[in-house]
Amino acid sequence: MPIFPSIDRTASKAALVGLLIGLLSLIVTTSYVSVVFSGPLEPHRPLGLSMALFGAVVYALTATYASSVRGVWWGNQSAPVVMTSVGVSSLVAGMAGASDATLFATVVLFIMTATVLSGLV
């Protein structure tokens, strides 16, 4: 006999799976931000994390509602993060005398440009 007979079992399973996938996406996104925003960019990690979490939510909602495939988890990928972090580290090394604000703005613009260009390919 179920504890809460009025709750649909399918809905409760879907809610549990959604909660677990959201938690996993939060952990993965946080680790990716830690890779990209390290070294001189570490003071800007909280802002980078909020931008990445917003992007992950937009990505998940768009993939969920715009896709014709049901039951597939859409999440961030590690390969673009590695390539982006290599680009960011060489960009930071080339801008050794720049201020923190200039460095952060350039890195964000680099990440945005790389994201758009990889989406076009």
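These questions and answers cover confidence, helices and surface in a predicted model.

Biologist: What does the chain average in pLDDT?
Modeller: Local features need pLDDT of at least 70, side-chain atom pairs count only at pLDDT 80 or more, and totals for chains, interfaces and linings use all residues. Residues are numbered from 1 along each chain as its sequence is written, and side-chain values use heavy atoms, with hydrogens and water left out. The pLDDT is the predictor's confidence in each residue, from 0 to 100. Of the residues, 94% score at least 70, and the chain average is 86.

Biologist: Which element has the highest mean pLDDT?
Modeller: Helices are DSSP runs (H or I, at least four residues), as are strands (E, at least two), numbered from the N terminus. The lowest mean, 88, belongs to helix 1 (residues 9–36). The highest, 91, belongs to helix 4 (residues 100–120).

Biologist: How far apart are the end C-alpha atoms of helix 4?
Modeller: The expected span of a helix is 1.5 Å times one less than its number of residues. For the 21 residues of helix 4 that gives 30 Å. The model agrees, with its end C-alpha atoms apart by 30 Å.

Biologist: Which residues of helix 4 are buried, and what arc do they cover?
Modeller: Buried means under 20% relative accessible area, exposed over 50%, and partly exposed in between (1.4 Å probe, protein chains only). The buried residues of helix 4 are L103, F104, V107 and V108. They lie on the same side of helix 4 because the arc around the axis, taken from the directions from the helix axis to the C-beta atoms, is only 130°.

Biologist: Which residues are exposed on the other side of helix 4?
Modeller: The buried side holds L103, F104, V107 and V108. On the other side, the exposed residues are A101, L109, V116 and L120.

Biologist: What arc holds the buried residues of helix 2?
Modeller: G48, A56 and A63 are buried in helix 2. These residues line one face of the helix, because seen down the axis they fall within an arc of 75°.

Biologist: Which exposed residues are on the face of helix 2 turned away from its buried side?
Modeller: The buried side is made up of G48, A56 and A63. The face turned away from that side carries P46, F54, Y65 and A66.

Biologist: Is Y59 buried, exposed or partly exposed, and what is its relative accessibility?
Modeller: Y59 is in helix 2 (residues 45–66). Y59 counts as partly exposed because its relative accessibility is 36%.
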